[in-house]
Each structure stands twice: as structure tokens, then as C-alpha cells.
Amino acid sequence: MKHFLRMLIQVCLYFYCKFLWRCLKFVMRKLTGRCELQRICYNTKPGASRTMKIETSLRDSKSKLLQTSVSVHPDAIEKTIEDIMELKKINPDINPQLGISLQACLLQIVGYRNLIADVEKLRREPYDSDNPQHEEMLLKLWKFLKPNTPLESRISKQWCEIGFQGDDPKTDFRGMGLLGLYNLQYFAERDAAAAQQVLSDSLHPKCRDITKEEISKFSKAEWEKKRMDKAIAIVGINITDLAYNLLVSGALKTHFYNIAPEAPTLSHFQQTFCYLMHEFHKFWIEEDPMDIMEFNRVREKFRKRIIKQLQNPDMALCPHFAASEGLINI
């Protein structure tokens, strides 16, 4: 009975707040002579703050046109804005800034949804050892990470040297599919110095609190645990999973709406992955875990820190990749 009453109160509060909000919007329009979309565009700076408010306003509107505008095809955005202006009885000649601002916001909103679709497609595509393109990407990853060491054969224990768990890397891509390989290759190719540093640190850990006498007491198996398990590949797949979940949950909207002046792309996602690899590597060293068995604890702590940062509407995770200066102050 208590549960039923609680549910009833919550439903009543929801409808009350919704009714109250619509009344407030009506009053604000009468007082200012502007609709909610105009007030947001004119009073909020460009970037995540503006785009997220526009997205909420469109999604929560009682108008079907406004509700569906967040999922239109990119080529239909211009026509959609014209329809919105007509619906709201806004003269585009008198209010030219509104159309420009709405277009920038819708490009980001629609682009984010399309990015999720693109990333999901890669994640769902399994690694196929019979596919020449997949094999070429995998062999390139080895060359980027171990340029001075030839791979003796496609099936080889050498793969463990860059962090795969067995002699055939395809088994490690089951969870993230081709997305994991795409990200790893991008990191190894575009951020080679950082990738080499991560690989080097995983092979030669800095055990600051372990003396030479203590090291000599470890068995080979125990010392292997002290290492980061030659972890760049498997850590990269785990960080791919983190980036994917941040994207799908909407947590990365703050970041992408601040760095992408138009639609965020797969390149933006991969740059974000590189940033997360940088930061996780530093975070792992700062945490100084006893061994690789603490990986999940450290990863979860790192995830919470990133999510907290993304709650700031002005946040851009990787400003060195940012295009925020290109956002037109309109």
C-alpha cells in the first residue's frame, strides 16, 4: 500500500510540475515576446549549455514537429528549421540569428545520434580472420607498436608482448568487435609517442615501494602480476568499452557539444579514446596498484572521475583536440 501511495504521489507531482512548467513558459512568452527556443539561443552561450537546453526543449515539446526534429536526416535540418520558424510564427528576416543558432544545435544533436549508430555498427561487427581488411589492420597495429620487431607468424605468442591474452588476438575483440581494433590502431598511429610510452611502462613498471631485496623474493608469476600485464592492447579494449558506454549514455554530449562546432564524427570519438588512454595511464601510475588484479577497481574509480568532469557544462575532455574556438558566438 505504501508503495502504491508513493507511486501515486510521484505521478501527481510529475503532472503538476509539467502543467506548472507549461504555464510558466506561456507567461514568459507573453512577457518577453519570445518563445523558449529564442530565449535559449539569445541568452545562452554556444556549446553544450545551449545545445543541451535546445535538445531538452525540442524533445519535451508537445509539438510532434519539434519532438521529431532531433532525429531528422542531416540533409533535412534546413527544411526542419524553416518549419519550426513557421510553426512558432517567427520571421526569419527579423530574427536571422535564431535560424543560424538552431542549425548549429541540430547539427550537433543529430550528429551525436548518428555517431552512436556508427560506433554501434563497428562494435557489432566481429573480427573476421578471413577478411583481408581486418587482417591488414591487425598487422598494422603490430608494426606501429613494434616497428623493430618482425612478427614471426600470424598465430604467435608474440601478440602477448603488446597485451593480447593469447596467440590469436581475434578472441580479445569479441566484446567490442572491430571498434576495439579501430581505436587501438588510431592510437598507435596518430599518437605513436604516447602509445610507445604506455607499452614501455607496461613492460617495465616503476615499483617505487619495492626494494631489490623484495623483488628477488618474488616468483616469476608474482612478478608478472606486478607488471601492467603488457597491457596496452587489453587496456585499450577496456577503455574502448568505457568510451562506448559514455557515448551511449549521453555523458559525452557535454564534451562533443563543446569541441565539435557541427556534427561530432568518428574521429572525435577516436580522439576522445586517445585522451582516455593518456589519462588512464597517468591515473594507473598515480594509484600505484599492487598488481593487475586491481584493474577493475582502478578502472571504476577512473570512470567516476570522468563522469564527474562531464557534469560540468563547460567541460571539454581533450582541449588540445578541441575546435571550441571555431564555435561562432551567435
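Student: How do I read a helix pair, and at what angle do the axes of α7 and α8 cross?

Tutor: Look at the axes, then at the side chains between them. In this predicted model, helix α7 (residues 132–145) and helix α8 (residues 177–190) cross at roughly 35 degrees. Their axes come within 9 Å. The crossing of α7 past α8 is left-handed.

Student: Which residues of α7 meet α8?

Tutor: Start with the general idea. An α-helix has 3.6 residues a turn, so residues three or four places apart point the same way. Now the case here. From α7 come H134, M137, L138, K140, L141, F144 and L145. From α8 they meet L178, L181, Y182, L184, Q185, A188 and E189.

Student: How many residues has the largest nonpolar core, and which have the most contacts inside it?

Tutor: It has 83 residues. Those with the most contacts inside it are I54, F164, F187 and I232. Helix α12 (residues 232–249) gives the most to this core, with 11 residues.

Student: Why is helix α2 called largely enclosed?

Tutor: Count its buried residues; the cut-off is under 20% relative accessible area. In α2 (residues 36–43), six of the eight residues are buried, so the rest of the structure largely encloses it. The six are E36, L37, Q38, R39, I40 and C41.

Student: How many disulfides does the structure have?

Tutor: Zero, in a search of the whole structure. Take C35: the nearest cysteine sulfur is that of C41, 8.3 Å away. For C41, the closest cysteine sulfur is in C105, at 5.4 Å. That is too far for a bond, because a disulfide needs the sulfur atoms within 2.5 Å.

Student: Are C35 and C41 buried or exposed?

Tutor: C35 is buried, with a relative accessible area of 2%. C41 also counts as buried, at 2% relative accessibility.

Student: What do the totals for the protein chain show?

Tutor: Take secondary structure, burial, contacts and surface in turn. The chain has 15 helices and zero strands. Of its 330 residues, 44% count as buried. Among contacts between residues at least 6 apart in sequence, 67% join residues at least 24 apart. The chain exposes about 18400 Å². Carbon and sulfur atoms supply 55% of that area.

How values were computed
Residues numbered from 1 in each chain as written. Predicted model: local features only at pLDDT ≥ 70, side-chain atom pairs only at ≥ 80, totals over all residues. Heavy atoms only, no water. Helix = DSSP H or I, 4+ residues; strand = E, 2+ residues; numbered from the N terminus. Buried < 20%, exposed > 50% of the residue type's maximum accessible area, 1.4 Å probe, protein only. Contact = heavy atoms within 4.5 Å. Areas by Shrake-Rupley, 256 points an atom, 1.4 Å probe, with all protein chains shown as cover. Core = buried A, V, L, I, M, F, W, Y, C linked by side-chain atoms within 4.5 Å. Axes fitted to C-alpha atoms, helices over the stretch in contact; angles between N-to-C directions. Left-handed = near helix turned anticlockwise from the far one by under 90°.
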